[in-house]
Every structure is written in structure tokens, then in C-alpha cells.
Amino acid sequence: MNSAARLLVATFVLGAVTACSGSSVEGELLVSAAASLTDAFAGMESAFEDANPDFDVVLNLGSSSALREQILEGAPADVFASANSSNMDQVAEAGEISGEAKIFATNSLQIAVPTGNPAEVTSLEDFAREELLIGLCAEDVPCGDLGRQALAKAGVIPSIDTNEPDVRALLTKIEAGELDAGITYVTDVLSASGSVEGLEIPVEMNIVAEYPIATLAGAPNPDAAVVWVEFVLSEKGQAILTSYGFRSP
Amino acid sequence: MKADGSLGQRTRRPPVLLVVLGSIGLAMFVVPFVGLLARVPWSDLPAVLASDVVTDALRLSMVTSLMATAIAVVVGIPLAWMMARLDFRGRPLVRGLVTLPLVLPPVVGGAALLFALGRRGLVGESLEQATGLLLPFSTWGVVVANTFVAMPFLVITVEGALRNLDQRYEGAAASLGASRWTVLRRVTLPMIGPSLVAGLVLTWARAFGEFGATITFAGNLQGRTQTLPLAVFVALESDRDTAVALSLVMVVVSLAVLVGLRERWWKAL
């Protein structure tokens, strides 16, 4: 037990020394990012780690609302990238971000259908067809909120069969052909190209999603958090995002 | 005498280390519930509990978990009997397969169900063509997900009980002229009774709390597939009070059933 205690003390001291060792950015960086950023941020991560070999970026992906709750409940994270402003605003109001949130990307909606479009969906109108299996994101998830806004603009009352917890879960069920149609982001359709087809939603009904990013007040690795946010906003970061279908703000 | 005395003393004074470690273990269970209770919006509770999200979810959870338990009885007990009594090659493999849902993350189970029983699934496609029954996004899908995840508890406990049962009692009853049915009803079932009840309770409890396989296979729609755990999950991100109230319902119902059954049935164990 003595040696175990000594080991514990040694670990703490070592931890303190590393923590005090100044501004060199290294170590682990915990990025909580919206599920729709899954592929883009994975691409961003490998580019970033290539440039900064001492870094280990850990992506915590989920619906923005789930991530918001995690942050508000005190789960450690360095950076929060949300798929809409309302979740970011709530985190900001709670005093959990340091500095200001910046919009780093925009995204728009598309109708996603399985390859071959077996149910012959053509527009948002089809979401009212009861014989189809229709999925949306849950109401409080950004893609669900935006999707409902688009349907409301189109004057369609959808016949929903499932409210999926995040956009990736919705996409998976469309890919599997279990759902006939759903509303996802353009970027999700692009990432699943081959197993999913995207149908344009006319501009007058479409909603542009703005993605804000911020470093967090309780960041265990604040220096690294700043560097990551700068990287996302940089030309190189924006180029990566664009390659995944996002648009620069 | 001396030896007896020291033995008695040892039992009077429990080993401190064990008690400390055990208390830490207990705290692992108690602390989260205290955390939950501290968040309960007591004054709004009646209104929140009366909302249709909560009543729909509670009703659906009750119905689907009980149906899953019933299905487990009908097909799980015969399976347990096969595993305990029939000598066939590949029995270890069967036992492994039956235990698999206990080990697998439920999400994986849900995905497997989707690939097998979805409308483009291996079996699901012909099932829909033959019967028009579509499991995903239906209440039946919830029942199937619940059964898949929970039935192993019944099969494993009953199989263990059947294997430990002295078959000479059944043999004696049969030699005295009892029919197979009478032997099953009057000898086998009463002898494995406590294990059977324990297995049923565990099965129901697991089905009642099922989340991962359900949301993956059956989706999430209020009144049709949104069970209590799914409602908690969705509400956590939007309406904390409802989420906490729903969690409280789950804790109270589960605890009431487990404690109640323990009083009445588990004493035999």
C-alpha cells in the first residue's frame, strides 16, 4: 500500500509539473463536436495531428444538445463546436465559454433517401404520405429543429415514424433502407454518397445552419483549445471543411 | 473452547477493510440515486408525471416488457430445457450464442436485429412480403428488441436449475405412472420454481430498462416506440425536469417490483 501511495503522489507531482511547464501546446485536446461534423472533424484531426505530432485530439461526437448538457453538467472538454447557435448560447449564458463563439461553417438541408429512391420521394410534400417510413432528428436536436422549420415553411405536416437522437443515427437508418426519407444536412448526404441520395430542398424552404465554435472556460488544456479553434478558422481548416461540403461563413 | 471463543469474537468484529471496501461498493449504487433525487422538481412533479409523454412511455414500457417476458417464457424455457437435457453436438456453441446478448452492447444487438429483421433484412424482407408485418419503427419491434436483450437471463437461470435438478425425482414420478405433463407440472416446475421466478424478474427488469437495442432497431416515436428509457434520453436534452421525473418513475417502479418480489418470492433463494 505504501508503494501504491508513493506512486500516486509521484503521479500528482508529475502532473503538476507538466501542467506548470508553460505555454507549449501539447497533450490531449478534447473537442466536443456536433454529430454532423463527424467526418469533417476527423479529417481536420488528422491534418492537425500531422502538423502537431505532440497533440492527441480526442473527438467527442454527439447531438449538439447532448454535448451542451454534458458541458453544463461539468464534463471536461476544451472546445465546443455546435450545429446551431441556441445550444452555444445556452453554454455561453452559463459562463462556460471563454472569449466569444465564432461561426466557422454553414450547412444546409437536403432530403436524404436510400439509393434508388424506392419510395419515389420528390419533395418535402412526400413527408406527409402516411404509407412511407419517415424519419427526422428529434425536435431538440439541431437537424430536427431545422428540418421541422423547413417542413413548416413548405406547409407540410409530416407523418413521422421515428425521431432519431442525432443526424448520424437517422442517416444510418436511411442508408440501411429502413426509412424511405429523412431530412439531413447536405454534408451528411455527401459523406454517405453511394448508399444515400440527396434531393435538393428549394432555397425558399431551406434553412441555413450556422456552426459556432468556442473554447471552454473549464478547458483542461486551454492553450491547445485556442490553437485548435484558430486552425479551424484558418484557410487550411476552412479548405478541409469545404471539402466535406460545408461552406465558409 | 478456546478455538470457539476466538471464532466467535472474529464474527462479532467484522474485518474493517472488507467493510470499508464494501461501503465504497454500496456508495457506487447509492450516490447516483441521491444525485437524481436532489434534482427532482418535487412541486411540479404531479404536472410533469401527468403529461402524455410520461404516461405514454410508462404504458408502452409496461406493455412491451411484459410481452417480452411472456415470449421468453414460451420459447425461452423450452430452449433452456433443450440445453439442459438434450445431448447434442454444438451445445457449448448454443450456450455461447444464448449468452451473447448479455455481453454485446445493446446497440450492436439492435443493429443485428435491423440487418436481420429490417424490411431489407435477411428475414425481414420475406416476413414483410408474407405477412405485411414490419418490425422496425413498430411496437412489435420494441418487443423483439426487449426479448432479444432480456431472454438470456431466463434461459441461463432455468437451464442452470434444470441441470442441478436431481432427475431421479422425475424418474420416480414417471415410474409411478405420472404422465410427462404431470411430471413437468408437479415435479419439475415446483423444484426449479425459485430459479424460474428469479429468471423472470431479471428478464422483466432488463426488458423494462432496455434502451440501446430499442432505439437502434425500433426507433423513437412517442406512443409507438418511445419507452421510458428513450423518453428519458430525449428529454435529457430538452426538458430536464421531465427527464428527472421520468427517471424517478423508472427507479420507483423497478425498485417496487424488485423489493416486492423479493419479499414474496425470493425468500426461497
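This is a predicted model: local features need pLDDT of at least 70, side-chain atom pairs count only at pLDDT 80 or more; totals for chains, interfaces and linings use all residues.
A residue counts as exposed when its relative accessible area is over 50%, as buried when that value is under 20%, and as partly exposed in between. By this cut-off Phe29(B), with a relative accessible area of 57%, is exposed.

**Patch of negative charge**
- Residues of both chains gather in a surface patch of negative charge, with Glu139(A), Asp140(A) and Asp145(A) coming from chain A and Asp44(B), Asp239(B) and Asp241(B) from chain B.
- Asp241(B) belongs to helix H13 of chain B, which is made of residues 240–264, and its relative accessible area of 30% makes this residue partly exposed.

**Positive phi in a loop of chain A**
- Asn117(A), which is not a glycine, has a positive phi near 45°, and this residue sits in the loop that runs between strand E4 (97–114) and strand E5 (134–137) of chain A.
- Glu120(A), likewise not a glycine, has a positive phi of about 55° and is also found in the loop between E4 and E5 of chain A.
- Asn117(A) counts as buried because its relative accessibility is 12%, whereas Glu120(A) is exposed, with a relative accessible area of 62%.

Conventions:
Residues are numbered from 1 along each chain as its sequence is written. Chains are lettered from A and ligands numbered from 1 in the order in which they are written. Side-chain values use heavy atoms; hydrogens and water are left out. Patches are made of residues with over 30% relative accessible area and no salt bridge: like charges are joined within 9 Å, nonpolar side chains (Val, Leu, Ile, Met, Phe, Trp, Tyr) within 5 Å. Accessible areas come from the Shrake-Rupley method with a 1.4 Å probe; for residues, only the protein chains shown count as cover. A salt bridge is a side-chain nitrogen of Lys or Arg within 4 Å of a carboxyl oxygen of Asp or Glu. Lys and Arg count as positive and Asp and Glu as negative; His and the chain ends are not counted. The place of a charge is taken as NZ of Lys, CZ of Arg, CG of Asp or CD of Glu. Helices (H or I, at least four residues) and strands (E, at least two) are DSSP runs, numbered from the N terminus. Buried means under 20% relative accessible area, exposed over 50%, partly exposed in between (1.4 Å probe, protein chains only).
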